[in-house]
Amino acid sequence: MDEVKSLVSAVRNGLAGLADPEKAPSMRAYMKSEMPFLGVASPPRTALLKRVYAEHPLPDRVSFSTAVLTLWREAEFREERYAAIALSGHRAYARWQDGDLLGLYEEMIVTGAWWDYVDEVAIRRVGPILRAEPDTVTTLMLTWAYDEDRWRRRTSVICQIGAKGGTDTDLLTRSVEANIDDKDFFLRKGIGWALREYAKTEPDWVRAFVTAHPALSTLSRKEALKHLGE
């Protein structure tokens, strides 16, 4: 697929041209990343990708998925994976955001296995598909809530952040309850974050939930009530 090769090459060359070796080590240290950074900050990376993706349109769903997975799987630097995530959510390909992409997003969640990857995919990719196809995706999220992989579980908890009045409170409740006793920091933080965000829409619901779940960790409880004056 020439379109895929052209896009991938343009991304890699563009990122290499923006590399800052002096910044790269500190970026890697902050993210505790095994994969090295090029040292490209978010603003210039975003500007680059906007131009590259406009100049290299992909003609169909197969080329779109292939380009995303090529950037993701063959990445040598963390910014290339950020580019894959950005491409996966590009507005030009919004028509392909459906349940058929969940396998791709699951791979990114499980193999990415860190918050900077997982949170974007969970909230901005899986979440909208959940709201568009609740009958099938809700079942999957409930399965993930009990999965051995903590990043699938975190996804099940946080995927509704931003849904506001469209939040499925039964799914939120069951995902949180499935992980309420887990001592993992990212799960506890995710639970608190999900509840805190929903509190902006339904503060009384969140207060009642916290009261009804004394097993919530101190971290989860503190985060959930952060903006409720409690």
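**Salt bridges across the chain**

Start with Glu74: its relative accessibility is 46%, so Glu74 counts as partly exposed (buried is under 20% relative accessible area, exposed over 50%, partly exposed in between, with a 1.4 Å probe and protein chains only). A word on the source: this is a predicted model, where local features need pLDDT of at least 70, side-chain atom pairs count only at pLDDT 80 or more, and totals for chains, interfaces and linings use all residues. Residues are numbered from 1 along each chain as its sequence is written, and side-chain values use heavy atoms, with hydrogens and water left out.

Which residue does Glu74 pair with in a salt bridge? Arg12, with the closest N and O atoms 2.9 Å apart. A salt bridge here is a side-chain nitrogen of Lys or Arg within 4 Å of a carboxyl oxygen of Asp or Glu. Glu74 sits in the loop between helix H4 (61-73) and helix H5 (78-88), and Arg12 in helix H1 (residues 2-18), so the pair ties together parts 62 residues apart in sequence. Helices are DSSP runs (H or I, at least four residues), numbered from the N terminus. Arg12 is partly exposed, at 30%.

Next pair. Asp184 bridges to Arg150, closest N and O atoms 2.5 Å apart. Asp184 lies in the loop between H10 and helix H11 (185-199), Arg150 in helix H9 (residues 150-158), 34 residues apart. Is Asp184 buried or exposed? Buried, at 16% relative accessibility. Arg150 is partly exposed, at 28%.

Arg207 and Asp204 form a salt bridge, closest N and O atoms 3.0 Å apart. Both lie in helix H12 (residues 203-212), three residues apart, about one turn of the helix.

Last, the whole structure: a search finds 19 salt bridges.

How values were computed: Helix = DSSP H or I, 4+ residues; strand = E, 2+ residues; numbered from the N terminus.
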